[in-house]
Amino acid sequence: MLEPDNLIITGLMGTGKTTVGKLVAAKLGREFIDTDEYINENVGSASHILSQPNGDVQFRLVEEQVASELAS
């Protein structure tokens, strides 16, 4: 049986992505990775990135890169 593709859940802050992601991962028997935690551990804190000039743009680029990296 082929391994299913990875799933990336996106949405606004506080909408339940982590809760739903953990439930889906458990149901599918897959690993759950929280991108916010991953960014915090591997790139730097979101608050630090967002406090920089153009921080919101930079943070979205980091999120996009991390999602791409983790999807593979």
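Predicted model: local features only at pLDDT ≥ 70, side-chain atom pairs only at ≥ 80, totals over all residues.
View 1. Lys 17 sits in helix 1, which covers residues 17–28. Is this residue buried, partly exposed or exposed? Its relative accessibility is 24%, so Lys 17 counts as partly exposed. Leaving aside residues up to four places away in sequence, Lys 17 touches Ile 9, Thr 10, Gly 11 and Leu 12. Look for the Lys 17 side chain, which reaches the backbone oxygen of Leu 12 at 2.8 Å.

**View 2. Helix 2 packing against helix 4.** Helix 2 (residues 35–42) meets helix 4 (residues 55–71) at an angle of about 105°, and their axes are 10 Å apart. Because of this angle, helix 2 is roughly perpendicular to helix 4. On the helix 2 side, the contact is made by Thr 35, Asp 36, Tyr 38 and Ile 39. Helix 4 contributes Phe 59, Val 62, Glu 63, Val 66, Glu 69 and Leu 70. Of the residues in this contact, six are nonpolar, three are charged and one is polar.

**View 3. The largest nonpolar core.** Which residues make up the largest nonpolar core? The five are Ile 39, Ile 49, Phe 59, Val 62 and Val 66. Helix 4 supplies the largest share of this core, with three residues. Now follow Phe 59: not counting residues up to four places away in sequence, Phe 59 touches Asp 36, Ile 39, Ala 46, Ile 49 and Leu 50. In soluble globular proteins, nonpolar side chains tend to be buried together.

Notes
Residues numbered from 1 in each chain as written. Heavy atoms only, no water. Helix = DSSP H or I, 4+ residues; strand = E, 2+ residues; numbered from the N terminus. Buried < 20%, exposed > 50% of the residue type's maximum accessible area, 1.4 Å probe, protein only. Contact = heavy atoms within 4.5 Å. Polar contact = N/O pair within 3.5 Å; in protein donor to acceptor, adjacent residues only side chain to side chain. Axes fitted to C-alpha atoms, helices over the stretch in contact; angles between N-to-C directions. Parallel < 35°, antiparallel > 145°, perpendicular 65-115°, else oblique. Nonpolar A, V, L, I, M, F, W, Y, C, P; charged D, E, K, R; others polar. Core = buried A, V, L, I, M, F, W, Y, C linked by side-chain atoms within 4.5 Å.
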